[in-house]
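Student: I have a model open and would like to talk it through. Can we take it piece by piece?

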Amino acid sequence: MAETSEQGCVLEMKGIHKSFGGVKALEGVDLELRCGEVLGLVGDNAAGKSTLMKILTGFYHADSGRIFLDGKQVYLDSPKTSKRLGIEMVYQNLELCQNLNVAENLFLGRELLREPVFRFLKGRQMERRSIEILHKLKIDIQEPRKRVDRLSGGQQQAVAISKAVSFEPKMLILDEPTANLALKEIGKVLDIVLQLKQHGIPAIFISHRLDDVFRVCDRIFVLRGGRRVALKNTAETNHDEVVRYMFIG
Amino acid sequence: MNDSKDIAAQKQGAGGIALFGRKMNFSGEIISILIALIILCVFFSITSPYFLAIKNILNFTMNTSILGIMAAGLFVAMVIGEIDVSQYAVLALSTAIMVILIRRGMNQGAAIAIALGVSLVCGVINGVSVALLRINPIIATLATMMVYRGFAFKITAARAMGVSGPFFSAIGSGRILGVPVSVYIMLGIFLVVHIMLSYTAYGKRVYAVGGNPEASYISGINVKMVRFWGLVCSSATAALAGLIFVGQVGATVPTAGEGGLMDVVTAVVLGGISLSGGKGKVVGTLIGVLILAVLSNGMVLLSVQSYYQTIVKGIVIFLAVFVDSLRGGGYK
């Protein structure tokens, strides 16, 4: 799905600086996301993970630095621009409308319409498409009319990821997708992340749970105090080393 | 979903009504208030021999159509999580302008169109205040209510001004198959709101914004515009209700609805809406309107003193909000 630049990277962030008043949140951070990989982004609280991702999703503007998508420099001046360019984020606090059903959530903001004047919905078609979208990631939700607040936490996360994937993004950002989930549910969500990889959708996987990071990520990027302190192939590192980078250096 | 309805039905212990509710795809809340309405009707039919008289039923449904039409519009604003207490003032101002124009010789159709236009302007002011300037909706519409009411007093010199004509007679006291025209209009508006909220993109967005404005924004919805149009919708129904008011009373009255500031809100809340937004069905609001109408009519038939009627209405508002709070829609 994602196109590659000459270097094989979908995304490149170079020399990203961001300060809030006198506080330096990011200092010259370089990040590359390769085609089809899942990149783990780890770090202690206030390491700069959220700031870096908010720059990527257009909520914050970097003080300096450049961002390339498919090798072309882009200016992410708003969340809308970022979305338009194919950067989708699944937020930690499940940005779904609990009072709507699965199909309504999946198509929220881009409903399929019968006609443009009164904007009547193609309800059945949206439900059919919802099942297709869910099945693409092997998510076992058979009832697109089921209200989201009646799904388990893991199922809700699955719907949120499916929604992001259905926009056919260039890349995904998964912000703590396994936080607050039961063990069984965590496994299911991680399986979905692995499905992303099979579909060639590159993703940045943010998590405090190193077990999860090691299970699904190809490489691990460690931030500390707003600086990149390590970038390791998952196969060539271990928990202790990553923890050391996160907290000691 | 059906399981939860089964449980709700068992809890109600009213199999027939619950079964009807399931067939109609009603939620537990709707079934509950439907049962409440039936209990009230049974009570008043036992205590007053006149309650079930066809003439009485048609009269009180006709009288409640003004409240009902405004409740249908307010429902849209309240599902979004907003509120509008200026509707009666919009009714007073728009009808005052209309009647004055007619009395000065303007064509009735044109005057009615201008009245609707005035209500839209009021709605735009409310919408801008609440959706764009993000002023608390109660305070914003309380303030605009005073402004609209003040203008209504000013241009009518605080007097009722009569008007007549075949159109107003038809919508005020006309009947089709014995049922007042105003009741048909009220039901028609409820149907339009139901279709809009259930089958259009705007309707889904209304529920989405009421349920989770952040998620709606991230999904690319223009949250401000959804809120804005909700407030406009609320004002527009006030003008439609105003036409029926003029038809029934035969005049514009600048004090119209002054004593019933919270009646419309009460009807909507009784109908099972969540004050925090995102939940509720417009059919519930229709039942809420009927509960208020039955309650008022029943108390009049039983010659309950007006002071006590006010107390009962206050208790009903309290209970409705309390139940909403128990369901998780309370003040945060």
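Student: Let's start in chain A: which strand does strand 4 (residues 64-69) join through three bridges?

Tutor: Keep in mind that this is a predicted model. Strand 4 of chain A runs antiparallel to its partner, with three bridges between the two. One pair to look for is Ile67(A), which stands opposite Val74(A).

Student: How many bridges pair strand 1 (residues 9-20) of chain A with strand 2?

Tutor: Those two strands pair in the antiparallel sense. You can find Cys9(A) opposite Arg34(A), the latter in strand 2 of chain A. The count of bridges between strand 1 and strand 2 of chain A is eight.

Student: And which residue takes a positive phi in the hairpin of strand 1 and strand 2 of chain A?

Tutor: Go to the hairpin of these strands, where two residues sit between them. The phi in question is near 60°. The residue that takes it is Gly21(A).

Student: What stands opposite Leu11(A) in strand 4 of chain A?

Tutor: Strand 1 of chain A also pairs with strand 4 of chain A, over five bridges and in the antiparallel sense. Within strand 4 of chain A, the residue opposite Leu11(A) is Leu69(A).

Student: Zooming out, what radius of gyration does chain A have?

Tutor: Chain A holds eight helices and 10 strands, and its C-alpha atoms fill a box of roughly 55 × 40 × 35 Å along the principal axes. Of its 249 residues, 44% count as buried. A compact globule with 249 residues would have a radius of gyration near 18 Å, and chain A agrees, with 18 Å.

Student: What share of the contacts in chain A between residues at least 6 apart joins residues at least 24 apart?

Tutor: Here you take the contacts in chain A between residues at least 6 apart in sequence, and ask which of them join residues at least 24 apart. That share is 67%.

Student: Over to chain B: why can I call it as compact as a globular protein of its length?

Tutor: The secondary structure of chain B comes to 15 helices and four strands. For 332 residues the globule rule gives 20 Å, and chain B is close to that, so it is as compact as a globular protein of that length. Its C-alpha trace spans about 60 × 55 × 35 Å along the principal axes, and 49% of its residues count as buried. The radius of gyration that settles your question is 20 Å.

Student: Are helix 4 (residues 54-79) and helix 12 (residues 223-249) of chain B roughly parallel or antiparallel?

Tutor: Their axes come within 7 Å and cross at roughly 175°. Angles over 145 degrees count as roughly antiparallel. That makes helix 4 of chain B, relative to helix 12 of chain B, roughly antiparallel.

Student: How many charged residues are in the contact of helix 4 with helix 12 of chain B?

Tutor: On the helix 4 side of chain B you'll find Ile66(B), Ile69(B) and Leu74(B), among others, while helix 12 brings residues including Leu231(B), Ala241(B) and Phe245(B). The residues of this contact divide into 15 nonpolar and five polar.

Student: Is Ala293(B) buried or exposed?

Tutor: Ala293(B) lies in helix 14 (residues 282-301) of chain B. Beyond residues up to four places away in sequence, Ala293(B) touches Phe60(B), Thr61(B) and Thr64(B). With 22 other C-beta atoms within 10 Å, Ala293(B) is buried.

Student: Last one: how many charged residues does chain A have on the side that touches chain B?

Tutor: The contact takes 16 residues from chain A and 18 residues from chain B. On the side of chain A there are eight nonpolar and three polar residues. The charged residues there number five.

Note on methods:
Residues are numbered from 1 along each chain as its sequence is written. Chains are lettered from A and ligands numbered from 1 in the order in which they are written. This is a predicted model: local features need pLDDT of at least 70, side-chain atom pairs count only at pLDDT 80 or more; totals for chains, interfaces and linings use all residues. Two strands pair if DSSP finds at least two bridges between them. The radius of gyration is taken over C-alpha atoms; the globule rule is 2.2 Å times the number of residues to the power 0.38. A residue is buried if 20 or more other C-beta atoms lie within 10 Å of its own, exposed if 12 or fewer, and partly exposed in between; C-beta atoms are placed from the backbone. Two residues are in contact if their C-beta atoms, placed from the backbone, lie within 7 Å. Axes are lines fitted to C-alpha atoms, for helices over the stretch in contact, and angles run from 0 to 180 degrees between N-to-C directions. Angles under 35 degrees count as roughly parallel, over 145 as roughly antiparallel, 65 to 115 as roughly perpendicular and the rest as oblique. Ala, Val, Leu, Ile, Met, Phe, Trp, Tyr, Cys and Pro count as nonpolar, Asp, Glu, Lys and Arg as charged, and the others, Gly among them, as polar.
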